[in-house]
Amino acid sequence: QQQQQQQQQQQQRRQQQIVEGMMQRAENKGGLEFQEGKPAATSDTPSNTGMSLPLPPLNTMAFPQKLYAMLDSAEADGYDDIIGFTPCGKYFRVHNRERFVKEVMPRWFKTSHFASFHRQLNVYGFERVNSG
């Protein structure tokens, strides 16, 4: 039981570090916003944050934690052509909605409806940006 408590505490610390990393990135870049459209025509993409923390189980992570982990690992997991941070790092962009729904959402979220994903973004204060 003590070992289980230690694992839970460790998991909570990891989750907190993920959220803190996301919030710090948002503060440094002036906030994170949602942008949908074609990928930027530049190869100057930000590197991921270098967080090498093992992720807690997905079913214990809140939406912002999952979102950040998904975006942070997009390049390493090979779906940065589908979704990822914009070159400035202030926004993230869904480059291909159909592929995002079919290939990425099932890995990270219980739903496979883009409208539900978009609704969650709105709940957590993200705003859609049409250009930028």
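View 1. Just after H5, Gly-125 adopts a positive phi of about 85°. Helices here are DSSP runs of H or I with at least four residues, strands are runs of E with at least two, and both are numbered from the N terminus. This is a predicted model, in which local features need pLDDT of at least 70 and side-chain atom pairs count only at pLDDT 80 or more, while totals for chains, interfaces and linings use all residues. Residues are numbered from 1 along each chain as its sequence is written, and side-chain values use heavy atoms, with hydrogens and water left out.

Which residues of H5 are buried? They are Phe-114, Ser-116, Phe-117 and Leu-121. Seen down the axis of H5, these buried residues fall within an arc of 165°, so they line one face of the helix; the arc is that of the directions from the helix axis to the C-beta atoms. On the other side of H5, Arg-119 and Val-123 are exposed. Buried means under 20% relative accessible area, exposed means over 50%, and partly exposed lies in between (1.4 Å probe, protein chains only).

View 2. Welcome to the rings: the structure holds 8 aromatic pairs. Rings of Phe, Tyr and Trp (its six-membered ring) pair if their centres lie within 6.5 Å; planes under 30 degrees apart count as stacked, over 60 as edge-to-face and the rest as tilted. Phe-100 and Phe-114 make an edge-to-face pair, at 6.1 Å centre to centre and with 80° between the planes. Phe-100 belongs to helix H4 (residues 97-108) and Phe-114 to helix H5 (residues 114-123), so the pair ties together parts that are 14 residues apart in sequence. Phe-100 is buried, with a relative accessible area of 0%, and Phe-114 also counts as buried, at 9%. Ring pairs link Phe-63, Phe-100, Phe-109, Phe-114, Phe-117 and Tyr-124 into a cluster.

View 3. Take a look at helix H2 (residues 63-72), where 10 of its 10 residues are buried. Among them are Phe-63, Leu-67, Met-70 and Asp-72. A nonpolar core is a set of buried Ala, Val, Leu, Ile, Met, Phe, Trp, Tyr and Cys residues joined through side-chain atoms within 4.5 Å. In the largest such core, which has 22 residues, Leu-67, Met-70, Ile-83, Phe-92, Phe-100 and Phe-117 touch the most other members. Two or more residues come from each of H2, strand E2 (83-85), strand E3 (91-94), H4 and H5. H2 gives the most, with 5 residues. What does Met-70 contact, leaving aside its neighbours within four places in sequence? Its partners are Tyr-79, Ile-83, Phe-100, Val-104, Trp-108, Phe-109 and Phe-117, where contact means heavy atoms within 4.5 Å.

**View 4. Salt bridges around Arg-99.** A salt bridge is a side-chain nitrogen of Lys or Arg within 4 Å of a carboxyl oxygen of Asp or Glu. Asp-81 bridges to Arg-99, with the closest N and O atoms 2.8 Å apart. Asp-81 lies in the loop between helix H3 (74-77) and E2, and Arg-99 in helix H4, so this pair ties together parts that are 18 residues apart in sequence. Arg-99 also forms a salt bridge with Glu-103, where the closest N and O atoms are 3.0 Å apart. Both Arg-99 and Glu-103 lie in helix H4, 4 residues apart, about one turn of the helix. Salt bridges that share partners join Asp-81, Arg-99 and Glu-103 into one network.
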